[in-house]
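The sequence and the model come before my notes.

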Amino acid sequence: MSSSPVSASVPAQPYGRPPLRTVQVLGGSAGAGSSAHVRSLTTGLAARGVRVTVCASAEAEGEYDFTGAGAQFAPDAVSALRAACAGADVVHAHGVRAGMRAALALRGHRAPLVVSWHGDGPAAAGALGRLSRILERHVARAAAVVLGASSDQVDLARLRGARDARLAPVAVPAARPGADAGKVRAELGAVARPLLIAVGSLVPHRGYSVLLDAAREWRTLEPLPLLVIAGEGPLRAELSRRIEAEDLPVRLLGRRRDAAQLLAAADVAVLPSRWEERALLAQEALRVGVPLVATAVGSVPELVGQAAALVPDGDAEALAAAVAGLLADPDRRVALAAAGRAQAATWPSEDDTVAQVLSVYDELMERRR
């Protein structure tokens with residue numbers, strides 16, 4: 001895949017100004033939400049004449065094709081990041097860890113740092129938690145502007161010492177047309193049975209152990225629902241052992257590039273996380289009209305409003321009951337699907353997101369003049 005510059009095809013900025021040069025920095029373990037956001041942001045910025053370099057892993061470039069969106073790609077090695085930042089007008093890091101790497105790379109350079117505080121996971125305890133708080137304080141104080149994906153992220157950034165923290169919800173990129181839902185269900189083995197879906201990396205804060213506890217309760221339902229989990233991670237072996245040992249109606253699909261198409265074919269989406277911000281699964285489910293059952297954690301209640309069934313974190317019985325109740329009530333599923341689409345219509349569009357980010361960049365450039 002080519003990573004050559006695209007500057008020759010990028011239009012100049014108005015009023016004789018040189019094109020704005022920005023570097024988008026993703027951490028090595030950036031999640032799907034952050035990577036999809038950077039892809040969307042890159043597309044919009046490049047279309048508006050901004051020269052964009054995306055510094056990310058080769059794996060992220062292969063999956064999200066930042067060069068195809070109009071960017072120059074730089075690997076996430078320290079030397080490449082330093083070189084990219086040296087020629088930038090604005091550096092925009094996505095996530096706290098990426099913010100720390102960008103802050104170090106910018107030492108000795110005048111380019112302002114913007115950090116999108118998407119959140120890197122739930123607060124850890126003990127020494128790891130203290131280290132995380134130190135990292136957050138350093139990044140918050142190094143940033144000229146922190147953009148929080150939710151109001152609690154803005155509050156946290158201010159608590160950690162951010163000079164300027166603003167709410168900047170991240171839009172979900174428009175889903176590509178998918179495969180026929182019937183075909184998807186047939187491939188998964190859910191033609192004559194309900195299909196439930198969860199999407200996300202197999203890590204502790206996703207709450208999959210509680211989800212498997214709930215799946216034990218669904219074994220008494222008729223017809224028997226099939227739960228599919230799209231994602232990969234360190235808990236795969238543990239989850240696989242439980243599924244086999246307890247004979248659970250669950251399939252681990254691994255990492256999938258067609259998660260949006262799988263979601264569109266499902267009867268119910270399930271988000272059992274112990275912690276979430278603007279959860280990508282929640283946004284995609286509401287947008288395509290798939291009823292959602294989610295834990296009431298982080299900014300999920302703020303995000304979904306009355307358009308999802310919310311249950312307490314860690315309560316397998318409540319999770320199982322909410323899903324079973326929806327499967328037994330087609331009218332409730334239809335009502336939630338309609339409410340979800342209405343709620344999604346209130347969220348900012350991709351164009352809104354790009355315009356807000358670009359206004360922040362312009363403001364920072366004005367400060368330097």
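Is C85 buried or exposed? I found that C85 is buried, with a relative accessible area of 0%, where buried means under 20% relative accessible area, exposed over 50% and partly exposed in between, computed with a 1.4 Å probe on protein chains only.

**Ground rules.** I note that this is a predicted model, in which local features need pLDDT of at least 70 and side-chain atom pairs count only at pLDDT 80 or more, while totals for chains, interfaces and linings use all residues. Residues are numbered from 1 along each chain as its sequence is written, and side-chain values use heavy atoms, with hydrogens and water left out.

**Cysteines.** I reminded myself that a disulfide is a covalent bond between the sulfur atoms of two cysteines. With the cut-off that the two sulfur atoms lie within 2.5 Å, I searched the whole structure and found 0 disulfides. C55 is in no disulfide, and the nearest cysteine sulfur, that of C85, is 7.1 Å away.

**Helix 4.** In helix 4 (residues 96-105), the buried residues are V96, A98, G99, A102, A103 and A105. Which elements do these buried residues pack against? Taking contact as heavy atoms within 4.5 Å, I list strand 1 (21-26), helix 3 (78-86), strand 4 (90-94), strand 5 (113-117) and helix 5 (126-142).

I then followed an open sheet of 6 strands, which has the order 10-9-8-11-12-13 and parallel pairing; two strands pair if DSSP finds at least two bridges between them. Strand 10 (250-254) and strand 13 (309-311) each have a single partner strand and stand at the edges, so one side of each is left without a neighbour in the sheet. From one strand to the next, the twist averages 20°. Helix 11 (residues 280-288) lies across strand 8 (195-199), strand 11 (268-271) and strand 12, and runs at about 160° to strand 11, with axes as lines fitted to C-alpha atoms (for helices over the stretch in contact) and angles running from 0 to 180 degrees between N-to-C directions.

R255 lies in the loop between strand 10 and helix 10 (259-264) and E59 in helix 2 (residues 58-64), so the pair ties together parts that are 196 residues apart in sequence. E59 counts as exposed, at 55% relative accessibility. R166 and D164 also meet through their side chains, at 2.8 Å from N to O; R166 counts as partly exposed at 22%, whereas D164 counts as buried at 17%. In R236 and E232 the N to O distance is 2.9 Å. Finally, salt bridges that share partners join D164, R166, E363 and R367 into one network.

Note on methods: Helices (H or I, at least four residues) and strands (E, at least two) are DSSP runs, numbered from the N terminus. A salt bridge is a side-chain nitrogen of Lys or Arg within 4 Å of a carboxyl oxygen of Asp or Glu.
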